[in-house]
Amino acid sequence: MSDTDLEIIVDDPTAPSADSPTVTSNRTADVVVSLLLLALAVTLGYDNWRTGIAWDETGPQPGYFPFYLSVILGAASVYGLGAALLSRKEALEGFVTRAQLRRVMAVFVPTFLFCLATQFLGLYVASFLLIGGFMRLVGKIALWKSLLTAFLFTAIMFVTFDVVFDVIMPKGPLEAAFGY
Amino acid sequence: MEAFGLLLHGFAVLLTWKTLALMMVGLVLGIFVGVLPGLGGPNGVAILLPLTFTMDPTSAIVMLSCIYWGALFGGAITSILFNIPGEAWSVATTFDGYPMAQQGRAAEALTAAFTSSFIGSLVAVLLITFLAPLISSFALKFGPPEFFAVYLLTFCSFVGLGREAKHKTVISMSLGLLLAGIGMDTVSGQLRMTFGSGELLRGINFLVAVIGLFGISEILLTMEERLALRGHAAAISLRVVLSVWKELPRYWVTLLRSSVIGCWLGITPGGAIAASFMGYNLAKRFAKEPESFGKGRIEGVFAPETAAHASGTSALLPMLALGIPGSGTAAILLGGLMVWGLNPGPLLFVEHKDFVWGLIASMYLGNVVGLVLVLSTVPIFASILRVPFAAVAPMIVVSCAIGAYAIQNAMFDIWLMLLFGVVGYVFKKIGIPLAPLTLALVLGSRAEDAFRLSMIGAGGDIKVFWSNYLVGSITTLAIVLLFWPLIDKAFARLRELGRPAKRAG
């Protein structure tokens with residue numbers, strides 16, 4: 001091997017194991033999604049019907065176009081519901097295993113908390129907390145590395161967006177204390 | 001050669017230090033995004049779009065399209081070195097690219113991939129240069145009925161020609177069109193589907209939805225998989241590059257075939273994924289020894305890469321000429337045009353010459369610069385993969401949030417992004433395609449306006465869509481494409497009926 005070759009190995013110790021039991025099947029997921037879409041189609045369809053789906057002297061009323069779209073969406077969801085209920089084998093494949101779900105939640109929950117924190121503390125503080133916390137708690141990376149990375153990334157973002165490109169982000173009490 | 005003169009003008013627009021610097025920044029960011037797991041072309045462009053909000057449109061589109069070229073190049077690095085296709089259209093590249101890397105011919109495979117991507121895009125850009133102005137000047141004669149017919153054709157061909165279950169494509173599309181209708185109705189000024197919410201008054205922004213659908217959902221999906229990887233990052237020496245290039249003319253048939261397939265599938269919404277597989281399979285079928293494919297044959301890298309890039313680039317043709325994007329990324333670029341205050345469609349070629357020709361010129365230049373850049377910096381980019389995903393994932397989340405917020409300065413949009421992230425995750429898992437939803441969201445209000453204007457013009461007579469040969473044939477073609485699977489089946493049955501009779505006779 002020549003000197004210019006460099007080997008890259010990345011391990012993933014917390015990878016979801018292959019034999020983890022499935023939480024729910026694809027069929028169940030299909031059915032639930034179809035029902036949700038059907039409910040959405042009915043709600044939107046009703047609202048458009050209220051707005052007016054007929055024709056007046058200026059042409060179609062505002063609800064006309066979306067009303068028929070909700071009818072199409074509803075019909076396709078009903079078809080999907082039927083297809084999911086009638087299907088036999090393929091649909092019984094797992095939608096997500098327990099180990100996978102745990103990992104997905106390990107990203108989703110922090111992201112949700114980040115959005116919540118952005119609302120009250122401003123985006124930059126929330127971003128520092130998310131990156132630092134995620135690297136330390138989920139990635140098990142050394143504390144100083146996590147905090148340093150979080151600080152640097154947040155600082156770069158602040159300079160790039162708020163200072164150079166003039167794209168203003170939501171701010172909270174900390175920025176207010178510094179006069180931004 | 002009017003196009004040639006205008007192209008030169010485009011280069012003149014482009015050759016300023018500022019634009020060239022932005023181009024380099026775009027390419028580097030793009031390769032970065034393409035190499036990182038869980039991010040690719042559409043996500044990268046969507047996340048980085050807010051950076052361009054304060055730029056002038058020409059600089060903005062140059063930077064964004066360079067991010068896209070960069071991402072296309074970057075995807076090949078991970079597929080060849082680590083057997084991890086960064087994008088669905090890089091899957092076919094791994095078939096022969098990874099075996100080559102294992103045999104210690106990584107540099108050769110990478111050179112082949114980058115060179116053929118370059119050739120593929122070049123063919124597509126040539127097509128755009130000469131065809132797009134013709135189509136757009138033809139489309140200038142279009143009225144609302146013709147435009148609606150073209151939109152209908154786009155939607156119908158997605159349903160009829162898509163590989164996914166038909167009802168799922170229909171769900172995705174009608175959902176996108178419905179979401180596009182939320183908010184103030186542009187014709188009557190009335191509110192629709194807002195349910196009294198002040199936040200929904202603005203409507204659902206296309207880019208917010210895209211950032212959620214592609215950015216957030218992709219992170220969730222990536223976490224499900226095992227993220228371990230192992231491979232060598234080989235530096236590419238000039239000697240290898242030259243030896244591969246010397247071989248190139250021998251494969252001209254493969255390159256040409258793949259380019260044509262790519263261009264065709266890029267303009268029609270078949271997409272780069274189908275193009276790369278088709279390019280690979282056809283190269284295999286026409287080869288003298290098909291069994292040597294999959295064991296590290298350089299042709300197996302040339303074929304899919306050329307097709308994927310030709311298709312990815314030519315997807316911009318209908319976007320420029322007609323205002324109809326041919327791919328998810330093109331749809332996002334189209335969303336960008338609207339943010340910068342440009343009205344996509346055939347008038348673009350008349351009203352914003354600098355912009356259009358600057359973009360086309362940047363396709364040429366961006367591909368040349370990109371080729372040189374990736375060839376010289378592969379090891380640096382490959383080592384990005386050493387950065388743990390636990391550090392990359394939260395940074396991507398923050399970038400997505402910044403992007404979503406910046407579009408309308410609304411906290412509500414960050415929540416909306418999160419919701420679309422979950423929707424995108426679930427949809428991908430149960431096989432509801434996201435591309436039709438994206439397309440419908442971006443085209444929805446324009447399609448509706450075209451429909452209503454033609455209806456008002458015709459006094460509510462649906463026959464307006466068959467009122468002349470042009471609009472009539474487009475509408476009819478749309479309906480044929482919508483029912484294409486059924487028609488195809490009917491033909492197959494007829495043929496089967498014919499066959500035993502022949503045998504008997």
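Met417(B) is in contact (C-beta atoms, placed from the backbone, within 7 Å) with Val208(B), Ile211(B), Gly212(B), Ile216(B), Cys400(B), Ala401(B) and Ala404(B), leaving aside residues up to four places away in sequence. The model is predicted: local features need pLDDT of at least 70 and side-chain atom pairs count only at pLDDT 80 or more, while totals for chains, interfaces and linings use all residues. Residues are numbered from 1 along each chain as its sequence is written, and chains are lettered from A and ligands numbered from 1 in the order in which they are written.

**Nonpolar core**

- Met417(B) is also among the residues with the most contacts inside the largest nonpolar core, together with Ile80(B), Leu110(B), Ile211(B), Val397(B) and Ala401(B).
- This core has 212 residues; a nonpolar core is a set of buried Ala, Val, Leu, Ile, Met, Phe, Trp, Tyr and Cys residues joined through C-beta atoms within 7 Å.
- Helix 4 (residues 57–82) of chain B gives the largest share of this core, 17 residues.
- Domain 1 (23–96) and domain 2 (98–177) of chain A both contribute residues, so the core lies between them.

**Chain A: domains and fold**

- Chain A is divided into domain 1 (23–96) and domain 2 (98–177), with bounds from an automatic or database domain assignment.
- The C-alpha centres of these two domains of chain A are 36 Å apart.
- Chain A has six helices and five strands, taken as DSSP runs numbered from the N terminus (helices H or I, at least four residues; strands E, at least two).
- Along the sequence, the elements of chain A come in the pattern β-β-α-β-β-α-β-α-α-α-α.
- Of the 180 residues in chain A, 31% are buried, where buried takes 20 or more other C-beta atoms within 10 Å of a residue's own, exposed 12 or fewer, and partly exposed the range in between, with C-beta atoms placed from the backbone.
- Counting contacts in chain A between residues at least 6 apart in sequence, 63% join residues at least 24 apart.

- Lys140(A) is not a glycine, yet its phi is positive, near 55°.
- Lys140(A) sits in the loop between helix 4 (123–138) and helix 5 (143–164) of chain A.
- Lys140(A) counts as exposed because it has 12 C-beta neighbours inside 10 Å.
- In chain B, Asn409(B) has a positive phi of about 55° and is likewise not a glycine.
- The loop between helix 18 (389–408) and helix 19 (411–430) of chain B holds Asn409(B).
- With 11 other C-beta atoms within 10 Å, Asn409(B) is exposed.

Methods: Two residues are in contact if their C-beta atoms, placed from the backbone, lie within 7 Å.
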